[in-house]
Amino acid sequence: MLHIENPTDESHIKDIETDTPDSIKDAFLRAKRAQKEWRKRPYQERAAAISSFRDALAADEDELARLLTQEMGKPLGQALGEIRGTRARIDFFLAHTEQFLRQEQVLPTEDTEDLPAMREVISYDPLGVVANISAWNYPYFVGSNVFIPALLTGNAVLYKPSEFTTLTGLAIVERLHNAGIPKDVCIAVVGGGDVGAALLNQPLDGVFFTGSYATGKKILSAAAQQMMKVQLELGGKDPVYICDDVDVQQTAISAAEGAFYNAGQSCCAIERIYVHKDIYEPFVEAFVEAVKDYKVGDPMEEGTFIGPLARGAQFEVLQQQIDDAQAKGATCLLGGTPLEGKGHFFAPTVFRDVNHDMLLMKDETFGPVIGIQAVENDAEAIEKMCDTEYGLTAGVFTQDMQRAEAILAEMDTGSVYWNCCDRVSPRLPWTGRNHSGMGSTLSHIGITTFLKPKAWHMRRPA
Ligand code: NAD
């Protein structure tokens, strides 16, 4: 049984029956049968169902946003923003998927009237039945990055939402069914890590996972037993470097938002800030002022920028990083403790005088706590930014594009940002390197990843 709790006041919302190994096996077998028929449906039929799901997201956005806020504590405006952003991603997939389903003749390279003596053709099949095991921090984004292109390309999906956003996951699947996706083509699998692990005992054709590095390693090793395709979107310790030529006030506001949006619970949140020594003092001051302006509190209330953390257990990680930083000489300028009273609220926290001996600058924080470190020059900034096992995003703020390009070219990360941060585009691949994962969602790469090629060698009879 899953006990669902509201992180804002710790009230009990609902208990939900979880899946069992038997119900998961049954779901897999149903999906396997249903996929054979689904892949043969004309593309336009599959697209029509996804398009009507998109319309349902628009029609129900208030109700869905409230549910998400109730369940994981994201401020209502940010929940609405996520649902609207998801519609834009669906538009991208609807506009671009069909072209990748067409077969390509690669020999001869030009069309001939007669049947050529030898033809070579590449066609594309869906993978089959894939698992979509999701995180809770952006359930619409990370879920739909997988299930929308997977369904459009003719796959069946066993979708396991996070145990912290199960109600949202079920609301999504209900709307997919109402929109015309057959019930057995997209099946919700309910539960926590044990249920996710049981799902991977099925002979799936692929697993598309979003979550932590620690769980990602377990997924990879479980998937090896079944020889299935694996895609992992994992955590980050994303750095940003503030050069000495920026507008300090504006840049501090942008960087603070990149660090504290969704209470810092974004995979691509700014987790480390490096500032050129010549502007370190004014930047730190402006940054603290920007963070002081944030309204912290009830996420249902208008204007709230920071709500509770989705999981109270994260307090332990934050406290450990804070204690370690303070023991090693960092200065806490703001926050540093949980807020008193009910709910998983943690005060937005800013540290200065941090360094790479501290956990705060090494391990994923995934909460409203940030360290700001001074650097001598661009070379030191590059060295510090690259001193990480993660590789999701890295950013630089400067007036000078060439300087930005030179710095960003050195980053071993899936995305790089100039004068922006915490940004995802449906047109660009979303991909992590090293401990941040493998494979890509979004862009054309996030479509073709749900397909497998078939090579046709076609010799005309003599
Ligand atoms: P998590 O790893 O705890 O859980 C993710 C999912 O895996 C959940 O659905 C969970 O039930 C399931 N799971 C747990 N153990 C499992 C197991 N042994 N086998 C199969 N499934 C299992 O992560 P989380 O707390 O939900 O999410 C936070 C993490 O996700 C952060 O590290 C964040 O950076 C990362 N994240 C990455 C991206 C990205 O695009 N790179 C996006 C969002 C979140």
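A polar contact here is a pair of N or O atoms within 3.5 Å. An oxygen atom of the ligand sits 2.7 Å from a polar backbone atom of Ser134. At Ala197, a backbone N or O atom is 3.4 Å from a ligand nitrogen atom. Arg311 uses a polar side-chain atom, 3.3 Å from a ligand oxygen atom.

Some ground rules. This is a predicted model, where local features need pLDDT of at least 70, side-chain atom pairs count only at pLDDT 80 or more, and totals for chains, interfaces and linings use all residues. Numbering runs from 1 along each chain as its sequence is written, and side-chain values use heavy atoms, without hydrogens and water.

Back to the ligand. How many residues surround the ligand? The count is 30, and the closest are Ser134, Glu163, Ser212, Thr215 and Glu364.

Next, helices H2 (residues 43-59) and H5 (residues 139-152). Their axes come within 9 Å and cross at roughly 155 degrees. That makes H2 roughly antiparallel to H5, a label for angles over 145 degrees. Axes are lines fitted to C-alpha atoms over the stretch in contact, and angles run from 0 to 180 degrees between N-to-C directions. Helices are DSSP runs (H or I, at least four residues), numbered from the N terminus.

Who touches whom? Contact means heavy atoms within 4.5 Å. On the H2 side, the residues include Arg46, Ile50 and Phe53; on the H5 side, they include Tyr140 and Phe147. The contact divides into ten nonpolar residues, no polar and one charged.

Terms used
Near = heavy atom within 4 Å. Polar contact = N/O pair within 3.5 Å; in protein donor to acceptor, adjacent residues only side chain to side chain. Helix = DSSP H or I, 4+ residues; strand = E, 2+ residues; numbered from the N terminus. Parallel < 35°, antiparallel > 145°, perpendicular 65-115°, else oblique. Nonpolar A, V, L, I, M, F, W, Y, C, P; charged D, E, K, R; others polar.
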